[in-house]
Each structure stands twice: as structure tokens, then as C-alpha cells.
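Please keep the structure open while reading.

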Amino acid sequence: MANSLPNFASSGCCVLLLLVSIFIQGGVQGSIGANYGTTANDLPPPTHVAHFLLESTIINRIRLFDANPDILQAFAHTGIAVTITVPNDQIPHLTKLSFAQQWLKSNVQPYVQATNIVRILIGNEVLSTTNKLFIAGLVPAMQTLHAALVDASLDRKIKVSTPHSLGILSSSTPPSSGKFRQGYDVHVLKPLLSFLKATNSPFMVNPYPYFGFSADTLDYALFRPNSGVFDDQTKLLYTNMLDAQLDAVFSAMKLLGFVDLEIVIAETGWPSECDPAQVGVDPQSAADYNGNLIHHVTSGNGTPLMPNRTFETYIFALFNENLKPGPTCERNFGLFRPDMTPVYNIGILRHTASSSTPLNPSTGPGPVLAPASPSPPDGQKLWCLPKRGADPEALQRNIDYVCGLGLNCGPIKQSGPCFMPNTVRAHAAYAMNRYFQAMGRNGYDCEFEGTGATTAVDPSYGKCKY
């Protein structure tokens with residue numbers, strides 16, 4: 001949690017990524033993040049992106065493909081969890097402790113006090129590069145960077161991992177037959193999995209049903225109703241391709257003796273536009289995949305071989321990126337256009353107060369000024385939320401004030417129904433509304449020194465009730 005509640009658990013110990021949507025079921029937490037790629041010349045400034053995600057969406061974690069300092073600075077004081085990446089070509093250098101320590105000093109330590117950096121990825125799909133130097137250095141580089149984090153007392157806050165394509169599997173059909181490629185299994189992946197287990201870090205994969213579907217399996221890939229695929233070995237029925245891909249990875253891990261590691265989906269997505277000959281690519285198909293994905297991985301249902309689990313998942317990608325090479329679809333995986341309007345609606349935009357005029361410049365009872373928009377009808381229920389653009393430090397003071405009065409702030413404590421998304425703005429919204437309702441719903445009770453505004457839209461979500 002981004003310093004939201006005094007004496008409450010810190011963000012370093014909350015469960016795991018949006019970012020995009022958070023759901024809690026049966027005490028199990030799942031989260032959705034977004035891959036923030038920047039291969040484009042028309043994207044908004046990082047500060048605009050950070051404020052947009054914080055104020056207008058339920059995305060509360062992002063994954064970067066580098067350690068862009070402008071983006072790291074832009075996400076300061078937002079509480080949004082940030083994953084950064086060391087490029088593949090730096091892996092051989094990172095096996096040296098002195099280089100790893102300097103990399104941390106240059107790319108992490110200047111930002112970590114203000115920006116919620118939670119994970120560092122060593123490369124991306126390294127085994128798929130077939131570069132022997134990168135592959136041989138992968139696990140040593142992860143170990144060395146972890147040692148540098150220990151030296152800097154950052155190992156509890158920041159974990160080290162690396163994402164893999166499904167090309168690491170030599171067999172995946174049926175899912176119970178999943179196994180890693182020979183040679184990589186014992187010499188690379190087994191020590192890698194041992195490192196992840198020892199450091200309490202997740203195994204990260206990039207499953208893409210989009211790259212595995214045919215016209216006959218489109219519904220299966222999109223989580224639409226279908227007859228399913230039966231695994232004769234386990235007698236389990238698969239109703240979507242993602243579950244089959246994840247269980248193939250699980251089966252391969254099980255062969256090496258690792259069944260209790262968390263699996264994180266580092267990338268998955270579906271394009272909304274492609275070349276004319278490509279079937280199954282349109283805004284509705286992309287909305288079906290990503291919308292059903294969010295519901296599925298956060299539902300707590302798990303997969304046939306991994307029941308009752310959720311999966312931290314990063315959708316690819318946050319924006320359409322107009323400079324990506326390849327077919328048209330490569331430039332159209334985004335949830336949002338560069339002007340930050342959604343390409344399609346999957347429910348990731350949140351309701352928030354938009355009034356820019358304080359109801360009252362004072363902090364106590366007094367005459368109420370007219371709101372910026374017409375007053376709601378008499379008797380209509382109102383809620384109090386932070387205004388767009390409200391300073392996070394001011395919102396933190398609001399939390400401290402309300403909870404210091406003894407009002408019930410339990411729902412925004414860790415494991416509470418409103419703890420996620422774990423941001424100052426989200427926690428302030430609950431606390432400010434709690435005060436507003438308790439004090440009688442007077443206009444001046446939502447003033448909060450100009451940072452609050454009332455809304456007639458119920459901000460409740462999931463089990464978090466306002």
C-alpha cells in the first residue's frame with residue numbers, strides 16, 4: 001500500500017500486477033496489469049499516462065520492457081506497482097556483481113522511495129532467442145542481481161524473475177503431457193525454478209491463444225461457449241485454450257518437482273485489427289478475449305490441474321503502438337488509443353467524481369456553494385470521491401484524518417474487501433466517503449480542502465461496498 005494507512009501492512013507484503021481489474025473471492029486475490037510498450041511516436045507523456053491510470057481506470061500495475069527513467073518518475077507517489085526489465089543484451093554483463101550493483105544504483109535506487117517498483121525481469125523470452133551467451137548467463141544474472149538487491153536491502157520489496165514464451169515446451173497437447181525442451185529442462189529451467197522458489201518469486205510465462213487458434217477453435221480461444229477439449233490421461237475437460245496452455249506449463253514444472261510456485265501471466269492479449277485475410281480479429285473478438293480473461297483469471301476457479309487459484313495477469317498491451325514492425329495486428333493489441341480512449345469496452349474505466357468546483361472552501365459547517373453541475377434531485381443518494389487531479393499527498397492526509405477519528409477503515413486494510421486496488425486514491429475514496437456518510441452527507445462534509453466532490457454514481461465494486 002502506498003503509505004495509505006498508518007501502522008497498516010506495507011505494499012511490500014501485499015499479494016501480486018493492471019493493473020487493469022481487481023477482484024477478491026473467497027479470500028483469494030487476483031490482479032490484472034498491463035504491458036506498457038512505447039514503440040510509437042504518438043503516445044501521451046508518461047505523466048499523463050500515470051494520472052490517467054490512477055484516476056480513470058482500475059489498472060494498478062504495469063510492466064515495462066526497459067527501465068525508462070521518465071516513466072519511473074511519472075509513476076512516483078501513485079502506488080501503482082511497476083515491473084521493469086533488463087534488456088537481453090545486458091545479461092552477460094549482469095553476471096558480474098559490480099555491474100549489477102551499478103545497474104541498481106542507476107536504474108532503481110533513485111526512484112524506489114517514491115515509485116512502487118516490485119519486480120525486475122531479466123530479459124524477455126531469453127530461451128527463445130537461442131543465443132547461447134544469453135541463455136548460459138540467464139540464471140547467474142538473476143542470482144547476481146538478487147545478491148545486489150540483498151546488499152541494498154531491497155530484496156524483500158523487489159523480486160527477480162524472467163518471462164518465457166511457450167516455446168520452452170516440447171509437448172503441450174494434451175495439457176497433462178506438458179514437458180520442457182530437452183537440454184533446457186535440467187540445465188536451465190530446473191536451476192531457474194530452484195532460484196524462484198528460494199526467493200519467493202513467480203514463474204512467468206507469455207501464453208497467447210491468439211497465436212494458437214484456427215477458425216475451428218476460435219470460440220475455444222475466446223472463452224466463448226464451445227464443446228471443449230478432453231484430456232484422455234486426466235479425464236479433464238478444457239473449455240478454453242488458456243487453461244490448456246497454463247496446465248501444460250504446470251505439467252512441465254511438475255516433472256521437475258515444482259508444483260507450488262506461483263505462475264504469473266506476463267503477457268497475453270488479442271489484437272482488434274489485422275490484415276483482411278486474418279480471421280477472428282476485430283474489436284468484438286478482442287473485447288471477448290480480454291474481458292473474459294479478466295473474469296476468468298481473477299475468479300478463483302483456477303484451471304483443471306490448478307483449481308481454486310487466481311493468476312496475476314498482464315494484458316498486452318496498454319496502447320496501440322504505431323511503429324511496431326510486422327503485420328497490422330502487431331500495431332493493434334492496445335486496450336487504449338494514444339488519446340487514451342478505449343479501443344473497446346471491457347469495464348476497466350472507473351467511475352470518479354469530475355466536479356472541478358469545491359462545494360465549500362471551508363472545512364466545517366457553513367453555507368454551501370452551488371456545485372459545478374446541477375444538484376441531484378432531493379433524496380438521491382450521493383457519494384464522496386476524490387476529484388480528478390487531486391494531489392496524492394493531500395489524499396493521504398485525508399486518509400490519516402478520517403481513520404484517526406476512529407471511523408471504520410478496516411475495509412481498506414490488507415485483506416479487507418476494499419484494499420485492492422492498493423493505491424492512495426482508491427483508499428482515499430473509501431475513507432472520504434466513509435466520513436461523508438457518517439457526518440450526514442452535507443456538501444461541506446465532502447470538501448476536504450478542495451480535494452473532494454460528490455457523485456450520484458455508486459463507486460462500489462465487487463465486495464467493496466461504499
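1. The model is predicted. A search of the whole structure finds three disulfides. With bonded cysteines counted along the chain, the pattern is 1-5, 2-3, 4-6.

2. Start with Cys384 and Cys446. Their disulfide has an S to S distance of 2.0 Å. The link is right-handed, with 85° about the S-S bond. This pair links distant parts of the chain, 62 residues apart. Cys384 sits in strand β15 (residues 383–386). Cys446 sits in the loop between α11 (424–438) and β16 (452–455). Both Cys384 and Cys446 are buried.

3. Next come Cys403 and Cys409. Their sulfur atoms are 2.0 Å apart and form a disulfide. The torsion about the S-S bond is about -100°, so this disulfide is left-handed. Cys403 is buried, as is Cys409.

4. Cys418 and Cys464 form a disulfide, with sulfur atoms 1.9 Å apart. Cys418 lies in the loop between α10 (392–404) and α11, and Cys464 in the segment after β16, so the pair ties together parts 46 residues apart in sequence. The torsion is about 105°, so the disulfide of Cys418 and Cys464 is right-handed. Cys418 counts as buried at 3% relative accessibility. Cys464 counts as buried at 0%.

5. Cys274 is buried at 16% relative accessibility. Cys329 is buried too, with a relative accessible area of 5%.

Conventions:
Residues are numbered from 1 along each chain as its sequence is written. This is a predicted model: local features need pLDDT of at least 70, side-chain atom pairs count only at pLDDT 80 or more; totals for chains, interfaces and linings use all residues. Side-chain values use heavy atoms; hydrogens and water are left out. A disulfide is a pair of cysteine sulfur atoms within 2.5 Å. Helices (H or I, at least four residues) and strands (E, at least two) are DSSP runs, numbered from the N terminus. Buried means under 20% relative accessible area, exposed over 50%, partly exposed in between (1.4 Å probe, protein chains only).
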